[in-house]
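Hi,

Here is the structure I promised to pass on. Have a look at it first, and then read my notes below.

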Amino acid sequence: MEKRIALEKRGLPDDKITELILDNCRSTSIEGLTDSFKALEVLSLINVGLVSLKSFPKLPALRKLELSDNRIHNALSHLTGSPKLTHLNLSGNRIKDFEELQPLKELENLEVLDLFNNEVTMTPNYRDKIFELIPSLKYLDGFDKDDAEAPSDEEDEANGATEDDEDDPDLDDSSDYDEEDEDDNDVSLADVYNENLEEDGSDWNEEDGEVDEDFDEPTDEDEDDGEGEAAAENAGSDSEAGEESEARGKKRKLEGNDG
């Protein structure tokens, strides 16, 4: 058990350990676990082979203790050194009578106790006597006084998360959310489409309301060709005007000679 404890500590000092899982480490007594584990809250010793709890240390912060499937039958008084204990599992041990359970009445915060598969559970009025012995007890062997089943660990965690969510101010439903502001900031697809049309200068076919995809913007070569054609046309016009002027001059000369 000492080697297993050293392995589970992972180099941390004893007073910084909050959880120890020592299941199946095989030992008839508590070894290596001392009062120095002052911060320990969860301890599991399932199927270890423990016969007695005589060497069980004082663990002031311990809340949950798993001791199922061992051979324990006495010395439960050593558990009183853990006054904050709320969950205790002693199922599958060798507890025979109520006298062995008497020390548990000192655990004023004990809420969940499991004694299933112990001989003591076969005695008459067993449940009534245990609830009377431990006034703080809420669940015995998985059921309350009215035989209502205890919630599972998953349900407890879910309920705890729900309560935390309710207390979380960041999840408040009354957050300042202005739907009108969001509407003002929204831009419609049509606005974006029209804006793009204005920027790219695409031709707009008014008849069918579509962009003429065949339209090509004029290139520099096209502009040069256009200027050349315009110059040629101007040159042709000047040539024709000159020929017409020369013809009129010849006509006037002939008429003067005739006169």
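This is a predicted model: local features need pLDDT of at least 70, side-chain atom pairs count only at pLDDT 80 or more; totals for chains, interfaces and linings use all residues.

Among contacts (heavy atoms within 4.5 Å) in the protein between residues at least 6 apart in sequence, 34% join residues at least 24 apart. Residues are numbered from 1 along each chain as its sequence is written, and side-chain values use heavy atoms, with hydrogens and water left out.

As for the layout, you'll find six helices and eight strands; these are DSSP runs numbered from the N terminus, with helices being H or I of at least four residues and strands E of at least two. Starting at the N terminus, their order is α-β-β-β-β-β-α-β-α-α-α-β-β-α. The protein has 259 residues, and 27% of them count as buried (under 20% relative accessible area; exposed is over 50%, partly exposed in between, with a 1.4 Å probe and protein chains only).

Now to the loop between β3 (64-66) and β4 (87-89), where T80 lies. T80 is partly exposed, at 36% relative accessibility. Leaving aside neighbours within four places in sequence, T80 touches P103, E106 and L107. Its C-alpha atom is 9.1 Å from that of K105, which sits 25 residues away along the chain. R71 is in the loop between β3 and β4 as well, and is partly exposed with a relative accessible area of 35%.

Then the salt bridges (a side-chain nitrogen of Lys or Arg within 4 Å of a carboxyl oxygen of Asp or Glu). Side chains of opposite charge can pair when their charged atoms come close. The whole structure has six such bridges. In one of them, E8 pairs with R4, with the closest N and O atoms 3.3 Å apart. Both belong to helix α1 (residues 2-9), and because they are four residues apart there, about one helical turn separates them. E8 also bridges to R10 at 3.8 Å, N to O. Through shared partners, R4, E8 and R10 form one network. R4 is partly exposed at 24% relative accessibility, whereas R10 is exposed at 67%. Another bridge joins D14 and K9, at 2.5 Å from N to O.

Cheers
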